[in-house]
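Hi everyone, thanks for coming. Let me put the structure up, and then we can walk through it together.

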Protein chains: 4
Amino acid sequence: MTSERADVQERLEELYRELEPLQMEALWRVQGVDPAVRSEAGAPYQPYVWRWKELRALMERAGDLVRTGPEAERRVIILTNPGVAPSRSATHTLLANLQMVIPGDVAPTHRHTATAIRFVIEGSGASTIVDGEPVVMHPGDLVLTPAWSWHGHVNESDGPMFWMDGLDSPLIRSLRAGIQERYGEELQLPTKDAGDSMNRYGANLRPVWSAASSPASPLLQYPWPQTEEALHRLAKVDASPYDDVAMEYSNPLTGGHVLPTMACWIQMIRPGVHTQAHRHMNSVAYHVFRGRGATIIDGVRYDWAQGDFLALPPRCWHEHLNESAGEEAILFSITDTPVFESLNLQREEVYAERDGRQVVREAAAAG
Amino acid sequence: MTSERADVQERLEELYRELEPLQMEALWRVQGVDPAVRSEAGAPYQPYVWRWKELRALMERAGDLVRTGPEAERRVIILTNPGVAPSRSATHTLLANLQMVIPGDVAPTHRHTATAIRFVIEGSGASTIVDGEPVVMHPGDLVLTPAWSWHGHVNESDGPMFWMDGLDSPLIRSLRAGIQERYGEELQLPTKDAGDSMNRYGANLRPVWSAASSPASPLLQYPWPQTEEALHRLAKVDASPYDDVAMEYSNPLTGGHVLPTMACWIQMIRPGVHTQAHRHMNSVAYHVFRGRGATIIDGVRYDWAQGDFLALPPRCWHEHLNESAGEEAILFSITDTPVFESLNLQREEVYAERDGRQVVREAAAAG
Amino acid sequence: MTSERADVQERLEELYRELEPLQMEALWRVQGVDPAVRSEAGAPYQPYVWRWKELRALMERAGDLVRTGPEAERRVIILTNPGVAPSRSATHTLLANLQMVIPGDVAPTHRHTATAIRFVIEGSGASTIVDGEPVVMHPGDLVLTPAWSWHGHVNESDGPMFWMDGLDSPLIRSLRAGIQERYGEELQLPTKDAGDSMNRYGANLRPVWSAASSPASPLLQYPWPQTEEALHRLAKVDASPYDDVAMEYSNPLTGGHVLPTMACWIQMIRPGVHTQAHRHMNSVAYHVFRGRGATIIDGVRYDWAQGDFLALPPRCWHEHLNESAGEEAILFSITDTPVFESLNLQREEVYAERDGRQVVREAAAAG
Amino acid sequence: MTSERADVQERLEELYRELEPLQMEALWRVQGVDPAVRSEAGAPYQPYVWRWKELRALMERAGDLVRTGPEAERRVIILTNPGVAPSRSATHTLLANLQMVIPGDVAPTHRHTATAIRFVIEGSGASTIVDGEPVVMHPGDLVLTPAWSWHGHVNESDGPMFWMDGLDSPLIRSLRAGIQERYGEELQLPTKDAGDSMNRYGANLRPVWSAASSPASPLLQYPWPQTEEALHRLAKVDASPYDDVAMEYSNPLTGGHVLPTMACWIQMIRPGVHTQAHRHMNSVAYHVFRGRGATIIDGVRYDWAQGDFLALPPRCWHEHLNESAGEEAILFSITDTPVFESLNLQREEVYAERDGRQVVREAAAAG
């Protein structure tokens, strides 16, 4: 090993050491390893918060050290909730990872029985090609890669991009349903125009010849400008006592969840709002897209700010608050709701005491 | 006739005389064969075209002569297809009427088990109030008044408005399911902001707390700018061989038809397009929103131009054409498709011969 | 009338004259109000009872006089409710006819978009061949011939058989959806063993490879012994306040109605039972399979006894009673419930006053 | 500890030692321990066969040694497939255990979010009380205890009973969805007559007032006489190339699976039948109710005889054979099919080569 190589390796090892106490893990290091799930029947595990400040800084350092290709297929940091170890994931069913793509990166096309989404955090212009449709990504966009859809990406822009990767891999692993396949060539070339699915399903109209061939949404992209406008329009007329101005991205062909194992939400906690507590069987992985606030979970207060991630385990009482004078807090989240609904296992409960507000026992230690 | 035969005949006649006052009838006498088997497979009645030029001129004259109120609750001209008389309607299941509302008109609030839609043809600014939500109308807008929803309207603008009223009243009457009710006061006052349902369901997102309480769309308005954009976006990527660039308005909570007894379509026949023929069990009432063209129905050519209405009976072979060099033809239509689908009676057939083009026997006489 | 008013009236009359040849009609002239609003909320027509004594006697006489074949394809007496004339049918959607088949009769195989059922009243041993499956019939058996299934019958027994033919032909006609087809040969020969569908779906088990290819039940026969046992078993544990011991025949592949446009019920009004009144949008054609009793409909009492038929129109208050000391009354019925449910038009209402019992104004005149 | 007690303990320990190499485990010993699931994405684990001869003998010895109550709530032997360790279960989603109940045993009423079924192997007369309905059990009966239904049992007969307990607990644990609750008293007293659900749903008829309040079957018992008759009736008309005469128990209110997370099958491999191979995503736990035969799984032959249990992992090629001259082989099985269907993860594949027959590489070592 050359001394230069050794140096890089050493700096990588240092990176890994720093990731660990923050409950973060480098995907390229552990890929190929089968994380196991320790089941704790009836006992909810702990929530966890990951800080953007640390996450982004470490990711940037990774960007300097790791080349995609032979070294690492993806530059991804896994958020590993200690409560679900040895599974390396945010909740027992959901992965919430951070991916960085730098100019020139190409991720070869592949597909798998796991379902994935991306939610763009920073940067613009990289494309994901999903089943032949190129999807150009901008901050706040949600992009779907349904189970078994071919997908790969390329960054032809001139800057790095950061996005959240949400997957149901822990669920798929526990169901022993994981299958994956590589596309013959490096990257599948586009077979459709950019915007093809938006052109078909972008409004409350649908081609008369369309028919649902799968329960997954045929609409692959939910661009931020529409999403933001929808949030603000809804805010004019209604809100949920538990989630404030909360919307679920929906499948235009069914009106239901966008994916059969994963639902996606966007929600705005308006300045001054403090919601009432409730709890449910599904778990949630949140990403703070804008603003700052806090979630009180089983009596413990977890503060969060732009860029942070929060894992909410099943059956925890939780309420959200935004104490700012004028700044909206916007949370994007993925959840396994469809699984519990499909299997008739969903349960929801409203916190009836004290007007829906828990007693806060403590603030969470720094995540 | 032998005397034995004559005797039998006489005894039969006596039998028939005895059956009658008992409200019984010998099947073999009135039909000879099973009544179900007597039905005819072809088109049960003729198509019909109504001309905008005549319709609008007559309507204007009516506007001078008829005041709404004691004289006439609504200033409406019914399009009556002779093929379905004595029913006064465009098809055997659908009403397609023209309504004119002049400044100051007020239609008192009421509701009925019949389902209705409006499609705005000319004029702007009158409002329909549907279940408390004021919907301000502009040309090309589709407005839903689902069965049993309260609705009334008022024209506070400074000009007349013309819109198409589409209803399933003939169906409801044949099902003996008509029930109506008046709202206590003249006009129900708004209980919601204008745009309430658009604010909730205007994009491919939905409030997390919403749930379908009815199979009818909760979205009451489909504004023309979005509709037009959707048509042009779809035109970029796909089209139907039978209907060219055709979209169905959809229920955001189900992805299905907007109403359980009536579907609404918007379709663009592009310049130079001549579609292939097909036929189906459902009937259709078309309104030409823009442009001009023709539809060939069971070998007869029916020309149409902006403002015209066309009734398409069940099981007619039909193909559309737009012979203009550069002008789009845009057809809005209502159809009873959901009825035939729900009852498992829908049938669709493609015209296989001559590349899907019928021989034109004649042009229709002026409608 | 002032001269100005007279002038307006004259100009209006001229307008009306011009509208007519254009197949247009002024709504305010023919109805004054919205046609949907004109509908009446109460029962749209009268109930009717047909007496078995008369029906059977007349049918026997017909048996002597009418040969099937060139003279009459079927020996069928239609029950024609005066309330739905000119439709010759029991209700506006349902035919309830009496068919007699004598030894040697053959009804050639055919199919149609109308749905049919038979319920066997008297005699044993004739067979209906439905889509190639021979179904041997005995009293109390329900036999389905779903829309578009091939069916014909033959009486190879040594006595006459009487059965009720239930069809949705009036509905199909009002939907202009009637299509029929003859099988090439006289009678389709069996292609399956007798009991094929019973062998597949006779219990609460289903072949693992079966899948619903249609919303109609794949089970073609519901034999009386099982039906009777089911009624008596249910009687041990529960009953409806409105219908006493009432069961719906169900589609084993969906648990729902046996046919998409028609439901079939069997119900036992036990000795001494007097149900509470309710009403609904669907109409019903009843056949009294056993016993005697009465139904009070909108304040009029209609007595019935074994063999009689009763037509119940939509939206009539009705309650049943069996005043016998020990004899069960058993009613078989067909109803259009699935239509109203599918189109979201069903309504049910409970008669709240006087413990659910109507005041009887009169007994019906002999039917 | 008295010497008698010590002696019992020693014999218990010996029992446990003998269970272990047979991949069996005493439930009362490990209850309260949370088994974990080691996920092996993409890699199917091994099948496993448990022998009735050993199982029953050990169970009998357990019957002498273990009293239910303070010592052990249930006398259950867990079948633990080494391929899914540390989960102690037959497949990664399914438990297939053997329970023995001796006269006087009472299992206190409780409920849980896990779904359970019993299939009776030997003995008669013990009762399970499910949501207040006493179900008396006989060999071959399937009894359902849907998720969250109260259930307990009592053996008031004069002999021991053996049944298979099938549960989805491993699935529920991996979903962190396990919740359980004790009924206030020892055993819930019956609130309904024996046979209540059979009286309502025992035939292809249903009470007119019934409505599905849950996706689980309201019919709690599927008695063997009907099941056996259904198998023999189906054998007359049809069979599957992959499963021979195979039927799924069905929910009378939906026609679908009896339980939202578990399906139950009964299948007869007729003498001389050798099926073709196929594979699927779902796993299966089989119990041999009658006869003997073999299943070839991924090229290895697993023989089985009456009373044996066989675990079939996901995505294994498998074919069944019955080489006997005249004896039927009857397999009861539970499977997680509904989970994979609900989540759109099911896959089925037919073995196309060699007429659907695998090359047998070896016979499995004694299980």
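Across all chains, a search of the whole structure finds 66 salt bridges, each being a side-chain nitrogen of Lys or Arg within 4 Å of a carboxyl oxygen of Asp or Glu. Keep in mind that this is a predicted model, where local features need pLDDT of at least 70, side-chain atom pairs count only at pLDDT 80 or more, and totals for chains, interfaces and linings use all residues. Residues are numbered from 1 along each chain as its sequence is written, chains are lettered from A and ligands numbered from 1 in the order in which they are written, and side-chain values use heavy atoms, with hydrogens and water left out.

Let's start in chain A. A:Glu60 and A:Arg56 form a salt bridge at 2.2 Å, N to O. They sit four residues apart in helix H3 (residues 52-65) of chain A, so about one helical turn separates them; helices here are DSSP runs of H or I with at least four residues, strands are E runs of at least two, and both are numbered from the N terminus. A:Arg56 is buried at 19% relative accessibility, while A:Glu60 is partly exposed at 40%. Buried means under 20% relative accessible area, exposed over 50%, and partly exposed in between, using a 1.4 Å probe and protein chains only. A:Glu122 joins these two in a network of salt bridges.

Now, which residue pairs with C:Asp165 in a salt bridge? That's C:Arg118, with the closest N and O atoms 2.5 Å apart. C:Asp165 is in strand E11 (residues 161-167) and C:Arg118 in strand E6 (residues 116-122) of chain C, so the pair ties together parts 47 residues apart in sequence.
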